[in-house]
Amino acid sequence: MTIALPAETAVAGRFGPYGGRYVPETLVAALDDLASLYDSVRNDASFWGEYECLLRDVVGRPSRLTEAPRFSELAGVRVLLKREDLNHTGAHKINNTIGQALLARRMGKRRIIAETGAGQHGVATATICARFGLECVVYMGAEDVERQALNVYRMKLLGATVIPVTSGTRTLKDATNEALRDWVTNVPTTHYIIGSVVGPDPFPRMVRDFQSVIGRESREQVLERLGHLPTAVVACVGGGSNAMGMFAGFLEDADVALVGVEAAGEGVTTGHHSATLTAGRPGVLHGAMSYLLQDADGQVAPAHSVSAGLDYPGVGPEHSWLRDTGRVRYEAVDDKAALAAFQTFTRLEGIIPALETAHAIAWLAASSGQWQATDAVLLCLSGRGDKDVAHVASILGADA
Amino acid sequence: MTSLSDSRLTHTWADLRRAGRAGLVPYLTAGFPTIADSRDALRVAASHADVLEVGVPFSDPLADGPTIQASTFKALENGMTLPGTLELIADAAVDTPVVLFSYLNPVMQYGVERLMRDAAELGIAGILLTDLPAGADQTIEEPIQSSSLDLIRLLAPTSDSERIARTVAGAQGFLYLVARLGVTGASAELATGLADQIASVRAATELPLAVGFGISTPEQVRAVAALADGVVVGSALVDVLGRDGVAAADAFLRGLRDALEPVA
């Protein structure tokens with residue numbers, strides 16, 4: 001193998017009690033096939049060789065590690081940025097879509113479906129489908145289609161069919177339901193590229209492995225820059241793929257604090273938020289057992305966040321396990337703080353972060369006082385914020 | 001585990017076999033179109049049904065097509081819940097064996113063992129969980145299998161011989177055969193390959209087979225009845241009930257039931 005994947009933490013498709021495969025019988029055979037293919041591919045140097053080559057030539061990896069001097073002053077700690085925003089298509093999502101498209105090709109499946117919230121995963125999927133000449137259908141909540149018009153147009157330009165989903169809450173959760181319905185119907189010809197570390201096994205561990213390049217590169221870059229590991233690593237968590245990919249590089253470094261930042265929306269006590277690990281309890285949605293926002297009857301509660309990419313009532317099962325074991329600390333930041341951080345960070349560093357990332361930035365901005373002079377924090381800058389500019393302007397007014 | 005001979009559903013299928021006809025298995029969403037009409041619809045359906053499937057509404061019905069999704073969302077708006085479904089079944093007080101049809105999460109939150117106790121008290125005959133395929137979670141499957149309710153299993157066109165063997169091993173009452181790829185919903189034509197699918201399941205088990213997904217007309221009911229032990233009709237019935245009301249659902253089911261009479 002050319003690259004060192006993270007040690008497998010799942011046992012029989014589960015992270016502690018979380019994960020598993022809670023799906024209609026129709027999908028079981030496809031998941032069995034996918035899992036056995038992936039298990040063989042995990043040790044196949046030629047697969048990872050091709051994957052790395054595409055990451056280098058198509059994505060532009062390794063992504064840079066950037067000092068953030070002015071923001072560091074505000075945060076009261078030296079902050080290093082892992083620049084996933086500089087990837088082709090503008091976010092970490094493409095690390096995963098390339099890996100899964102390679103798997104689809106090995107399975108001989110020429111039709112790809114995907115769900116998308118903010119549109120970044122949809123764009124990353126459409127991009128690799130264009131490159132590989134695969135048919136691409138993206139399901140997107142009707143509300144998100146409105147919030148993220150730019151990404152919808154990008155997907156169409158790339159040749160994808162974008163299907164607005166009008167059922168339920170018209171956001172990412174419902175787009176995922178609709179993608180699963182498509183998959184149940186077309187499973188012999190179709191691969192479903194799930195965009196986060198969610199869904200039935202083997203998706204959570206597969207997507208983590210494809211995103212683990214973030215943590216692997218970061219660890220090396222930080223060691224080279226500082227001569228030691230960071231004090232803490234911070235990333236935003238919706239489904240949790242950028243965080244999982246980043247954390248995977250540091251899980252075994254017990255001295256490195258890991259912080260996942262969820263979206264508190266209008267506040268975790270208001271019922272309008274997406275802080276699954278902070279305020280949810282275990283349940284089953286989209287094929288996996290994990291923390292879930294739900295009512296007493298087990299109906300999934302509508303999530304809310306100003307950021308479409310975090311607007312999801314579930315979370316990856318490995319995060320649920322890392323929460324329970326205490327290895328990762330999960331915090332929540334509300335819409336208002338995320339919007340303020342979006343503006344402040346842009347002015348201080350000349351980088352427009354994705355609204356998703358702005359949640360992690362906001363937590364860090366409010367963390368001054370808990371650091372020592374020699375500390376350094378690694379922040380996963382998971383995506384760029386161009387897609388959010390119109391949405392933010394509509395909330396804050398065009399005068400910024 | 002319930003033995004083949006003592007469950008309520010087993011007696012139903014044995015009676016049907018003696019009568020020389022296939023069973024009619026209607027599906028209704030609890031709480032749709034209104035709570036009162038839903039209770040009346042359950043009674044009407046029971047008068048034609050050999051087994052009655054009662055759907056517990058869930059916010060994310062990912063195995064269902066547009067008709068049952070819409071009925072589910074309406075039922076949730078009407079305040080229907082899993083405890084509400086149990087009350088509704090108690091209120092309808094039908095003699096026909098009832099099978100609860102649910103996604104896993106409401107059942108998990110209610111508590112599996114608690115549900116088995118409460119459902120048994122109401123005389124509910126079985127439970128089918130859409131998103132709990134065989135082997136997915138022993139901590140949930142085992143308490144159901146050892147309860148007085150039958151654990152009804154689904155088999156799909158994609159279930160290979162290994163999956164069929166694994167599924168029938170812990171299945172009780174009857175098997176629900178999904179006739180085609182996809183979600184629930186009426187379709188103009190029956191799936192090709194159904195006879196082969198049925199033959200491969202029959203080779204693996206003695207359990208009765210009910211076939212569902214896409215069956216909506218008396219002709220389709222008759223065609224499936226020639227191959228299977230039971231015929232499930234869901235979306236088409238929910239559609240008639242939602243559009244034209246309880247009396248229309250009654251007439252619709254009578255037509256389907258007539259199609260199952262043995263030819264004299």
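This is a predicted model: local features need pLDDT of at least 70, side-chain atom pairs count only at pLDDT 80 or more; totals for chains, interfaces and linings use all residues.
**Entry 1: cis peptide bonds**

I looked up peptide bonds in chain A. The bond from Arg61(A) to Pro62(A) is cis, and its omega is near -5°.

I noted another cis bond, from Asp201(A) to Pro202(A), with omega near 15°. Pro202(A) is in a loop as well, between strand E8 (190-192) and helix H9 (203-226) of chain A.

**Entry 2: positive phi**

I went through phi values next. Ala12(A) is not a glycine, yet its phi is positive, at about 50°. I found Ala12(A) in the segment before strand E1 (14-15) of chain A.

Is Ala12(A) buried or exposed? I looked up its relative accessible area, which is 79%, so Ala12(A) is exposed; the cut-off for exposed is over 50%.

In chain B I wrote down Phe213(B), a residue other than glycine with a positive phi near 85°. Its place is the loop between strand E7 (209-212) and helix H10 (218-225) of chain B. Phe213(B) has a relative accessibility of 13% and therefore counts as buried, as buried means under 20%.

**Entry 3: the largest cavity**

How many cavities of 30 Å³ or more does a search of the whole structure find? The search gives 8.

The largest cavity has a volume of about 380 Å³. I counted 30 residues in its lining, and those nearest its centre are His92(A), Lys93(A), Gly195(A), Gly239(A) and Gly309(A). I also checked which elements give two or more residues to this lining: strand E5 (111-116), helix H5 (120-132), helix H8 (172-186) and helix H10 (241-247), in chain A. Sorted by class, the lining of the largest cavity holds 17 polar, 9 nonpolar and 4 charged residues.

**Entry 4: the second largest cavity**

The second largest cavity contains about 140 Å³ of space. It is lined by 18 residues, and I listed the closest to its centre as Ile68(B), Tyr176(B), Thr184(B), Gly234(B) and Ser235(B). Strand E8 (230-233) and helix H11 (235-244) of chain B are the elements that give two or more residues to this lining.

Which classes make up the lining of the second largest cavity? I have 10 nonpolar, 6 polar and 2 charged residues in my notes.

How values were computed: Residues are numbered from 1 along each chain as its sequence is written. Chains are lettered from A and ligands numbered from 1 in the order in which they are written. Side-chain values use heavy atoms; hydrogens and water are left out. Helices (H or I, at least four residues) and strands (E, at least two) are DSSP runs, numbered from the N terminus. Buried means under 20% relative accessible area, exposed over 50%, partly exposed in between (1.4 Å probe, protein chains only). On a 1 Å grid over the protein atoms alone, a cavity is a set of points where a 1.4 Å probe fits but cannot get out, and a pocket is an open set with protein on both sides within 12 Å along at least five of seven lines; lining residues have an atom within 4 Å of a point. Grid points are joined across faces, edges and corners, and a volume is the space filled by probe spheres set on the points. Ala, Val, Leu, Ile, Met, Phe, Trp, Tyr, Cys and Pro count as nonpolar, Asp, Glu, Lys and Arg as charged, and the others, Gly among them, as polar.
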